[in-house]
Amino acid sequence: MSGKDAAKRGKIAVWWDMKDCPVPDGIDAHRVRPSIEGGFRELGYSGPVSIRAYGDHKQTSEHQLRALSSTGVAVVHIRSESTCAVMYMDMVKWREDNPPPATMMIITNQMLDVFNWDLSRLQQRTFYHLFLASSVRPRAALTVGCRKEWLWEKLLLGTTAAVTSSADTADDAVFHCKTCSLDCLSLQSFKKHLSTKNHALEEVLRPQPKQLISVTSKWGKNYAATPEYAAAKIHVWWDMFCCPIPDGYDARRVRPSLEGAFKELGYSGHVSITAYGDHKQTPECHLQALSSTGIDVAHVIPEVIYSRMSRDWKTWQDDNPAPATMMFISDDAEYFFGDTLVWGQQNNKYNLFRAYSYRPLKMSVLLTSAEWLWDSLLAVSETKKHVLRKCSGSSIERVGKSTGMFYCKVCFTKRKLLDKFMKHLWTFNHISEVSILSLSFFLLSIHLSNHFREKQEVDISELGQRNKNQRLLYLEASVFLNDKFLTDFTTETPTLFFFSFCRKLISQRASG
Ligand SMILES: [Zn+2]
Ligand SMILES: [Zn+2]
């Protein structure tokens, strides 16, 4: 039985915020369970479903409570302001008691604002199939990957499954007061309890948390390698714009410094490194030194570095399935493709490392097992005798032969030797490719800023999407550049239009 099949037959646990998503007028509360089960059955999920309905049940009608409990829905009383926090504590506890494969469903309108960050990180470590229902669609994309997002009312009006026999759900079908940790077996005793003085006193004396208690923000940094990853490959994508080689530092020390830091945590797998930068600006002795230690050198311009890196790590993932470690040395990589990584990590399970030139202000939604400051990482194995005073012609001979490749990620070409590579960077073809890219990104940025300025009323959901759209455009552009046949002027996408326009403009000038 494959993992996917196992999950489809595994338990399904549902946490339902009845304040956000009440049973709409005109819909019988008896429909809730069969509708949820019907939704899952349609998607091929056949496991037993347990449902917990959270709310201030002093306000819920007896008719609804009876309908819910008679269909095996557990009723949980909690003050409204604590619903999310308490639901989340219960989810975390459930995850501890119920290892995957299993399925979680959350019925809430607070996925984006409350649950998204912590749940995204939890899911990167321990992956469950996740489903969402809400009465209002989230106004921006979630980083937590949901297999399906239902509209609550639509789900309730959809296909219904036959109600599970009460024997399967009897354990759950109770009335529970969270504040008093009290189970009531009948609706009568539950209603009676909620009106007692003791209950009112407990609500004052033992208030439940109102804010979500993050589980993952306390997770430390730089964990020792787990056996799965200890000997696995490590690939490093290094953004030299953000994290350059410090003045006076011997570039030959980069690889041993990184490897030394990995070894300290127990990682001994083969390390490959690609150094992205504007290598017309990088001293040749650094390029030769990097290459002599087997580091691949990749020439990019700032406009395309993240689309090229992103293309490269996706290709690398195709050739190197997990377990393996991916490392990003960059301050901005997360901004450009962090969300894509977070989504991927909820399925792929690569081990992640990061390094940056300064500590980010906010903890990332991307779950890593180790993070370093670039300068301190380089210092790991630095000794005075390895530090060159400055680049000189003779140092090129001293650093030894190249073993890494030299890539031009603008023209998608590569050279084995440094001098051939440097020659390429000064060819007409290369320079015109750079002009096409720079000019089209310049036009694209004007187009985007006009587009957003012209909008009189800026829709919040659009602002939320804006960065994502820009990122998509970058990626789109990179896809275009790889496809030499796609030069259609009539395409609707502005990026493609600008690339096409600039390509034609520059080739006309070249031939004229
Ligand atoms: Zn109580
Ligand atoms: Zn080139």
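Which residue of β12 does Ile-234 stand opposite? I found that Ile-234 stands opposite Thr-325 in β12, and I note at the outset that the model is predicted.

I then followed the pairing of β9 (residues 234-239), which joins β12 (residues 325-329) in the parallel sense over five bridges and pairs with β10 (residues 271-277), also parallel, over six bridges. On the β10 side I looked up His-235, whose bridge partner is Ser-272. Between β9 and β10 the chain passes through helix α11 (residues 254-264), and this β-α-β crossover is right-handed.

Next I checked how covered β9 is, and six of its six residues are buried. Ile-234, Val-236 and Trp-238 point one way, while His-235, Trp-237 and Asp-239 point the other way.

I turned to the open sheet of eight strands, which has mixed pairing and the order β6-β5-β4-β1-β2-β3-β7-β8. Because β6 (148-151) and β8 (182-184) each have a single partner strand at the edges, one side of each is left without a neighbour in the sheet. At the β8 end, I saw that β7 (residues 175-177) runs antiparallel to β8 and is joined to it by three bridges, with Cys-177 partnered by Leu-182. Helix α2 (residues 32-42) lies across β1, β2, β3 and β6, at about 130 degrees to β2.

Conventions. Residues numbered from 1 in each chain as written. Chains lettered and ligands numbered in written order. Predicted model: local features only at pLDDT ≥ 70, side-chain atom pairs only at ≥ 80, totals over all residues. Pairing = 2+ DSSP bridges. Helix = DSSP H or I, 4+ residues; strand = E, 2+ residues; numbered from the N terminus. Contact = placed C-beta atoms within 7 Å. Axes fitted to C-alpha atoms, helices over the stretch in contact; angles between N-to-C directions. Buried ≥ 20, exposed ≤ 12 C-beta atoms within 10 Å, placed from the backbone. Right-handed = clockwise from strand over helix to strand, strands pointing away.
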